[in-house]
Amino acid sequence: LTPLKDTTDFPVGVAIDQRETSGAASDLLRHHFDQITPENHMKVEAWYDDQQRFQRHPQATALLDYAAANDLRLYGHVLLWHAQTPDWFFQDASGRELTDSEADKQLLRDRLATHIDDVARSIADDYGPFGSETNPLVAWDVVNEVISDQATPDGLRTSRWHDVLGEEFIHLAFRLADQAFNRDYAAPGSDRPVKLFINDYNTEQDAKGTQYEALVGRMVAAGTPLDGVGHQFHVSINTPVSALASTLDRFAGLGLMQAVTELDVTVNPATAANLARQGYYYRDAFEVFRGYHAGAPASEGLYSVTVWGLTDARSWRSEQAPLLFAGDLSAKSAFFGAIGQDDGLPPLVTT
Ligand code: XIL
């Protein structure tokens with residue numbers, strides 16, 4: 001099969017855990033992809049044991065080792081999120097929920113600073129400074145899913161981060177990540193070796209995209225050290241591909257890169273006819289990505305396009321068969337579409 005990564009001018013990534021780092025799955029991964037994202041094991045909760053002690057999850061280590069050994073880039077996910085974060089992050093030592101008092105704000109700021117510094121140091125201690133040849137980490141989703149699905153005055157999701165700190169937590173997370181990954185633990189002479197992304201879902205939906213664009217605009221205006229805008233693109237075959245294109249266009253011209261961070265395309269039900277439609281969907285989506293990247297200035301192109309899992313069997317939405325490969329590792333029509341090989345696709349049944 002034509003390697004997917006050879007059909008694009010941008011790196012192609014895949015979300016995995018340790019199960020994809022050996023055997024036939026690993027062979028398939030290394031044939032088609034340039035980059036990995038840890039699907040779960042670098043989320044906030046993964047960095048602590050049940051005594052609230054910082055530790056690196058063995059699976060995070062396995063993925064860093066795998067990336068380093070196989071010349072794959074590692075895209076970190078995620079430094080700050082409202083989900084998969086321990087409750088104690090938002091409580092004081094006695095278990096009281098933090099409020100927006102000055103003292104509580106400072107506690108949460110300090111907690112975030114400690115977390116980000118610990119993560120950076122843990123990785124740099126074992127893999128060398130960021131930007132050095134031995135360290136595979138190239139980017140982070142710094143904050144994830146901070147935009148509200150409803151219209152709100154500031155467009156931001158209600159969360160414990162937002163309750164305590166308001167919008168400040170977003171800017172702060174980027175400043176702390178920049179300090180840790182691009183200064184304190186960066187290789188001397190390297191130039192912003194770790195790219196810092198904001199990331200969200202449903203950014204292809206107009207109202208949410210508008211709130212996202214407004215926040216990104218405020219970040220740029222504030223000088224927040226943001227390198228790029230991430231779009232999860234958890235879509236279905238009924239999401240118009242044109243919405244993906246207009247979403248990328250919306251963020252063009254800001255001097256920022258963009259990344260497709262969690263692409264998958266559900267079909268429901270997974271009939272032969274729908275799986276064929278999915279093939280054409282992936283074809284059209286990758287055509288949009290290639291075209292966007294080709295037309296953008298180098299500093300504003302696509303940083304990477306990542307699919308959220310290697311096979312349907314391993315997808316968080318596995319019953320809706322959203323990925324490029326089947327559970328037996330065979331290439332689906334979705335794969336042939338993604339590489340642009342139309343003659344690998346069954347005819348579309350439109351009735
Ligand atoms: C999902 C993982 O795929 C699942 O294994 C886990 O149980 C829950 O999280 N948006 C994100 C990802 O940013 O972290 C989520 O990943 C999917 C939605």
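**Ground rules.** I'm working with a predicted model, where local features need pLDDT of at least 70, side-chain atom pairs count only at pLDDT 80 or more, and totals for chains, interfaces and linings use all residues. Residues are numbered from 1 along each chain as its sequence is written.

**Domains.** I looked up the domain assignment (the bounds come from an automatic or database assignment) and found domain 1 at 1–12 + 23–33 + 232–244 + 260–351 and domain 2 at 36–226. Their centres, taken over C-alpha atoms, are 27 Å apart. I then checked the contact (C-beta atoms, placed from the backbone, within 7 Å): domain 1 puts in 13 residues and domain 2 eleven residues. On the domain 1 side, strand 7 (234–236), helix 7 (241–250) and strand 9 (302–307) each give two or more residues. Helices (H or I, at least four residues) and strands (E, at least two) are DSSP runs, numbered from the N terminus. Strand 9 gives the most, with three residues.

I sorted that side by class: six nonpolar, six polar and one charged. Nonpolar here is Ala, Val, Leu, Ile, Met, Phe, Trp, Tyr, Cys and Pro; charged is Asp, Glu, Lys and Arg; the others, Gly among them, are polar.

**Ligand.** Which residues surround the ligand? I listed Glu39, Asn40, Asn144, Tyr201, Gln232, Glu262 and Trp316 (C-beta atom, placed from the backbone, within 6 Å of it). The shell splits into two nonpolar, three polar and two charged residues. Both domain 1 and domain 2 give residues to the shell, so the ligand lies between them.

**Helix 3 and helix 5.** I looked at helix 3 (residues 102–127) and helix 5 (residues 168–184): their axes come within 9 Å and cross at roughly 30 degrees. Axes are lines fitted to C-alpha atoms, for helices over the stretch in contact, and angles run from 0 to 180 degrees between N-to-C directions. That makes helix 3 roughly parallel to helix 5 (the cut-off is under 35 degrees). Helix 3 brings residues including Leu112, Ile116 and Asp117 to the contact, and helix 5 brings residues including Leu176, Phe181 and Asp184. By class I noted ten nonpolar, no polar and three charged residues.

**Helix 7 and helix 8.** For helix 7 and helix 8 (residues 272–295), I found axes within 9 Å, crossing at roughly 20 degrees. These two are therefore roughly parallel as well. Val241, Leu244, Ala245 and Leu248 of helix 7 meet Tyr281, Asp284, Ala285, Val288 and Tyr292 of helix 8. The classes came out as eight nonpolar, no polar and one charged.

How values were computed:
Parallel < 35°, antiparallel > 145°, perpendicular 65-115°, else oblique. Contact = placed C-beta atoms within 7 Å.
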